[in-house]
Amino acid sequence: MLLAVLAVVAGLALLVWSADKFVDGAAATARYAGMPPLLIGMLIVGFGTSAPEMVVSAMASADGNPALALGNAYGSNITNIALILGLVALISPIAVNSQVLRKELPILMLVTLFAGWQLFDHQLSRLDAWCLFAVFVVLMSWSVWQGMRNPQDAMASGVNNEQPDTNAMTLKQAIIWLLVGLVLLIVASRFLVYGAVFIAQSLGVSDLVIGLTVVAIGTSLPELASSLIAIKKGEHDIALGNVIGSNLFNTLAVVGIAAAIEPMAVDAVVLTRDWTLMAVLTAAVFVMGYGYKKQGRINRLEGAALLAVFVGYTGYLVSTVIA
């Protein structure tokens, strides 16, 4: 058991560090290839913060633990909104200025509803996976097109500011860090999945619950770090954009990868408890962030409410294990 706990802790730490190095290498390599800065920011950096969820879910599904993969994706979405946005808003109320975000918030709601519709038959097939991938490609293409059309948009300029400083990195160094980061991501995910599954089996806890709690919180650390840095710089749109982008990646790409590798039976509780909470939280962010005829804003009171939901949900999951 001690070895499994150490594997989880070491896996999480290595996962966060390797994801950061992977993003640095990928961004520098893309810059040398002539990719526009905005495209690097919206795709490379966006992928980088969701890389832990993607690799962990892929490994879990390949190892025959698809429930862990699904729990990781939906648990990360819940963590992103309730914990990360709640904590960030509590520190500094989040003002929503970007027109891109005002368009992406309704899209996130629609994607969440689409994901729920796929769960109604309690199965995620490879056809479902390819449908998720198709939506993901369309949305990423649309986001890049919008960003290129509106380079002065608050989110677009903020994404550019958020990119890692890779000017001092040579092409050789960039490729090395890209490959090293990718290899370490896989190794770290192996450690994490092994430790999480062993702990779950030893304690009689379901893979789903482990994925929704320990693994989900751990793989959301890059989003937490980047959102806190964005708030410190006063870039509120980036903090919210991190969450919206990550949740789109998780719902479409992460679940899609897991289901494509191993189609899965979905427990009814995923729809009635986890997806429902994810949808309610997404709707809450939509209402708070959209603003309708005035500027959207997530204030400290709303941030505290989101944190309370996270604590209550996590406490409930823990109580089901103890019981």
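# Aromatic pairs and helix packing in a predicted model

Trp 130 and Phe 133 sit three residues apart in helix H5 (residues 126–149), so about one helical turn separates them. Helices (H or I, at least four residues) and strands (E, at least two) are DSSP runs numbered from the N terminus. The model is predicted: local features need pLDDT of at least 70, side-chain atom pairs count only at pLDDT 80 or more, and totals for chains, interfaces and linings use all residues. Residues are numbered from 1 along each chain as its sequence is written, and side-chain values use heavy atoms, with hydrogens and water left out.

User: What share of the residues of the protein chain count as buried?
Analyst: The protein chain has 12 helices and four strands. Buried means under 20% relative accessible area, exposed over 50%, and partly exposed in between (1.4 Å probe, protein chains only). Of the 323 residues, the buried share is 56%.

User: Which kind of aromatic pair do Trp 17 and Trp 177 form?
Analyst: The whole structure holds four aromatic pairs. Rings of Phe, Tyr and Trp (its six-membered ring) pair if their centres lie within 6.5 Å; planes under 30 degrees apart count as stacked, over 60 as edge-to-face and the rest as tilted. The centres of Trp 17 and Trp 177 are 6.0 Å apart and their planes meet at 75°, so the pair is edge-to-face.

User: How many residues apart in sequence are the parts that this pair ties together?
Analyst: Trp 17 is partly exposed at a relative accessible area of 40%, and Trp 177 is partly exposed at 30%. Trp 17 belongs to helix H1 (residues 2–32) and Trp 177 to helix H7 (residues 171–203), so the separation in sequence of the parts they tie together is 160 residues.

User: What is the angle between the planes of Trp 130 and Phe 133?
Analyst: Trp 130 is exposed, with a relative accessible area of 57%. Trp 130 and Phe 133 form a tilted aromatic pair, 5.5 Å centre to centre, and the angle between the planes is 50°.

User: Which residue forms a salt bridge with Arg 273?
Analyst: A salt bridge is a side-chain nitrogen of Lys or Arg within 4 Å of a carboxyl oxygen of Asp or Glu, and a search of the whole structure finds one. Both of its residues, Arg 273 and Asp 274, are buried. The closest N and O atoms are 2.7 Å apart, and the partner of Arg 273 is Asp 274.

User: Are H3 and H9 roughly parallel or roughly antiparallel?
Analyst: Axes are lines fitted to C-alpha atoms, for helices over the stretch in contact, and angles run from 0 to 180 degrees between N-to-C directions. Under 35 degrees counts as roughly parallel, over 145 as roughly antiparallel, 65 to 115 as roughly perpendicular and the rest as oblique. Helix H3 (residues 66–91) and helix H9 (residues 221–232) pack at about 20°, with their axes 10 Å apart. That makes the orientation of H3 to H9 roughly parallel.

User: How are H3 and H8 oriented to each other?
Analyst: The axes of H3 and helix H8 (residues 207–219) are 7 Å apart and pack at an angle of about 50°. H3 and H8 are therefore oblique.

User: Where is His 122?
Analyst: Phi of His 122 is near 60°, a positive value in a residue other than glycine. His 122 is partly exposed, with a relative accessible area of 33%. Its place is the loop between helix H4 (99–119) and strand S2 (123–124).
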